Amino acid sequence: MWVLLRGAYPLRALLPLRGEWMGRRGLPRSLVPGPPRRRYRKEALPALEVSVLPVTTTEIRQYLRTRGIPFQDGHSCLRAPSPFEESSQVKDQTRATTSFSLFIDKTTGRFLCMTSLAEGSWEDFQASVEGRMDGVKQGVLLSEAPETENSEEVRRIWDRAVPLWELPDSEEAQLARVMFGLTKVTDDTLRRFRVQYLRPARSLVFPWFSQGSGLRGLKLLGAEGHGDGVHYMETTIPRPGAYHNLFGLPLISRRDVEVVLTSRELDSLALSQATGLPTLALPRGTLSLPPALLPYLEQFRRIILWLGDDLRSWEAAKLFARKLNPKRCSLVRPGDQQPRPLEALNRGLNLSRILRTALPAWHKSIVSFRQLREEVLGELTDVEQAAGIRWSRFPDLNRLLKGHRKGELTVFTGPTGSGKTTFISEYALDLCTQGVNTLWGSFEISNVRLARVMLTQFAVGQLEEQLDKYDVWADRFEDLPLYVMTFHGQQSIRFVIDTMQHAVYVYDVCHVVIDNLQFMMGHEQLSTDRIAAQDYIVGAFRKFATENNCHVTLVIHPRKEDDDKELQTASIFGSAKASQEADNILILQDRKLVTGPGKRYLQVSKNRFDGDVGVFPLEFNKSSLTFSIPPKSKTRLKKIKDDGGLVLREEVLGELTDVEQAAGIRWSRFPDLNRLLKGHRKGELTVFTGPTGSGKTTFISEYALDLCTQGVNTLWGSFEISNVRLARVMLTQFAVGRLEEQLDKYDEWADRFEDLPLYFMTFHGQQSIRSVIDTMQHAVYVYDVCHVVIDNLQFMMGHEQLSTDRIAAQDYIVGAFRKFATENNCHVTLVIHPRKEDDDKELQTASIFGSAKASQEADNILILQDRKLVTGPGKRYLQVSKNRFDGDVGVFPLEFNKSSLTFSIPPKSKTRLKKIKDDGGLVVKKPSSGKKGGVPQNCETCPGQDPIPLQPDTSKPTG
């Protein structure tokens, strides 16, 4: 189904503990493992072309029952009698089973016998049970023992290591304690965990003891001082892929039902000493939790994950909890008063009290800000980490996208022959070299050719001319956490999604590249509706990215365009769903066919994280197959700003007076909306739409927040962005400013925000309309919710799409929301993406995706008009195109404040509201006699108000 891009293991030789990645330093020359050698595994080669069908938990249970094998259901594994033990150990004289030492992974079917250490795939287990194997093959079902050279090296290092308290030089012992932060860790704790010190390498030595095998491996931890900080360097023997040491496991009793997992051995020492609780350290830190370790954690009813003090540790803890069964997991939230365990011990904090504050990993379907406030604070505190992993080869991409974030969907397109695959391979390789576990799905070119391209980019040069260095670069490339699917040609989306989920579970993959979407069209094309098939596939990837907190980069070919035209967002093949679902849209512009070679640019046309879009040049290096920024380009980054107060092309006519009698709750931030809609009324359905990337979610969050601050109980259903990010946006809007710059006021604003009657659904990705309606009705009954925001309708299309008639599915969903609003006297605001339009055209009521049912059922229709792609930044308007209450419709300008993420009316716009009659004509007055103060022809007056002339903005230069 999918394979490793190498023959060994998917982890680096060195893992980061603090600071930057370090080299393999710290060991004396005589103790450093020898130079990397090429390994040929005869048994592994055929696996490259073998596709193994995924197995489900139901299928595993059915097989065991059919074969009469008793089993017990565990948290993440099934326990059964082992066929690899001696019969005397397994059965008594009545042939009753007395031992359940075989653990079968519920997700993958892989098994492990805790007594004989036999392990293998589900197919291996079936073959053994059915007698199709002559015994157990060494090296296939039995876990491979360390190589002879590694065993000798492990024993040699261990024999030379000494206990820290037995060092002859007391100053050296004290220096070692200071360097590793062990000043408060007692000798008794080090003795219980059998921690030693290697003087020649100035490193701590953590042993790996296993049942029946004695000493199997070592981890050496070195430390170097850099300025005011300390950098730690890890070396494992054997290599990290074979190093499965749960440090502290020999101290665990069979009666223990609770354990604390840490990402460092030093933290386990501190926790054990301070709390006396069982504690284990994961062998690969926050990078990965190998499924091979899950059987050793089955006995625990509660697992507390305390992995570190930064945002990435928190994300890893949530990911690992899903693998361990979140119902038994609790997470320690990083914070200033909740640092990593060793630091907490050194600062004199109460570690037991911190453990009692651990949050459950399992949540209900509705949460309030109380459950989100700590995560919002974490994003505000760790701004750089919240922005994601930054590219090292594309600095201008960092300036626009800020980083590569988990859980997002990136759509990438470009003309045929422009180098899409070559660019996206370097784009992904850049992240992979920084520890981002990556899965490649290349359906166009073979894996061999893809590996060759990426290896050339990795070495930054053609290796054909320097074959003597091939092994050096290949060994380094082999250590990258990079995997490749073995699919080629057309594939079923279900099979691809299953493979991706398997990779996330087994290897903690957090970036998937699909090149390209069109190769999955054939299997889903049950009819001639190719657009519906593509929309279904895009929705599946969107749901996968959100539910698995995994970034998906999706390559989509553009529609057929003239060669002399640049691509736009609307150029992406298919309907508008791909651009609507995407968090980021990247377009590789290629002008070489028109202006000659060398004219390539990367355009960021959508960025949901902070809205920055722009374009910058690329330069292709043919020898290294890499794209780089031209060094001589002084003005290489063209950034497209958000709305910035430029002069409007079409100035609106006049400002209307407030309506005397308001109906419903009036907005405090949008006075012009009050003048048109008069207020927010219960029992109505409002449809809201706008172009892709115009800021629909940001606007509608402020729109709802305005009402919520006035006591309107509000339920949010955000299916596009996470609740944490939505809460962060709304908190920033509530505080009218960025709290990153004033963290001392965070608690004050968070307390006030927490008091708002605001609730969030925990749904993400495609959802059934029935489950959403049930949740809304529950919220109305329990929390007296009277305003529900659904962002957006398209995320419920997949579940209701019983046929290829997408229009009928949407009509059914709109009807369900209309019925709910009326029967529950609750206002529903429904976000619907528009149909695909050219960027230079304004949206109309007819632009709403689907049939006319949405516009017919709605009481109010709001359209966020965005003209920034045509006339420059600053051209945003809110148009009320339907108002069933009194028929007033119109349009008024908006101004986006990036620091507070709020929309406001431009203060200098004196004629900001253009009111539109029912028949669509403008309300105009005849020109006066021309005297000063007369009403120009494009200005209107309102009853009881003097006419306001349209005056030029003197603050702007005139032509």
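The model is predicted, so to speak of local features we need pLDDT of at least 70, side-chain atom pairs count only at pLDDT 80 or more, and totals for chains, interfaces and linings use all residues. Residues are numbered from 1 along each chain as its sequence is written, and side-chain values use heavy atoms, with hydrogens and water left out.

Overall picture next. The chain has 30 helices and 36 strands. Those are DSSP runs numbered from the N terminus: H or I of at least four residues for helices, E of at least two for strands. The accessible surface is about 41600 Å², and carbon and sulfur atoms hold 49% of that. The area method is Shrake-Rupley with a 1.4 Å probe; for residues, only the protein chains shown count as cover. Now contacts, meaning heavy atoms within 4.5 Å. Take those between residues at least 6 apart in sequence: 69% join residues at least 24 apart.

On to the helix pairs. Start with α14, residues 420-432, and α15, residues 447-459. Their axes are 10 Å apart, and the packing angle is about 60°. Axes here are lines fitted to C-alpha atoms, for helices over the stretch in contact, with angles from 0 to 180 degrees between N-to-C directions. α14 and α15 are therefore oblique to each other. On the scale used, under 35 degrees is roughly parallel, over 145 roughly antiparallel, 65 to 115 roughly perpendicular, and the rest oblique. The α14 and α15 crossing is right-handed.

Who touches whom? From α14, we have T422, S425, E426 and L429. They meet L450, V453, M454, Q457 and F458 of α15. That contact of α14 with α15 splits into five nonpolar, three polar and one charged. The classes: Ala, Val, Leu, Ile, Met, Phe, Trp, Tyr, Cys and Pro are nonpolar, Asp, Glu, Lys and Arg are charged, and the others, Gly among them, are polar.

T698, S701, E702 and L705 of α23 make the contact with L726, V729, M730, Q733 and F734 of α24. For α23 with α24, the residues divide into five nonpolar, three polar and one charged.

Back to the first region. Helix α16, residues 470-478, buries W473, A474, D475, F477 and E478. Their cover includes α14, α15 and β19 (482-485).

Now the backbone. Where are the cis peptide bonds? One runs from I237 to P238, omega near 5°. P238 sits in the loop between β10 (229-237) and β11 (258-262). Another joins D791 and N792, with omega about 10°. N792 is in the loop between β30 (787-791) and α27 (797-800).

Last, positive phi. K402 is not a glycine, yet its phi is about 75°. Its loop lies between α13 (395-401) and β17 (409-413). D784, also not a glycine, has phi of about 55°. D784 lies between α26 (769-783) and β30, in the loop. Buried or exposed? K402, at 18% relative accessibility, counts as buried. D784, at 54%, counts as exposed.

How values were computed: Left-handed = near helix turned anticlockwise from the far one by under 90°. Buried < 20%, exposed > 50% of the residue type's maximum accessible area, 1.4 Å probe, protein only.
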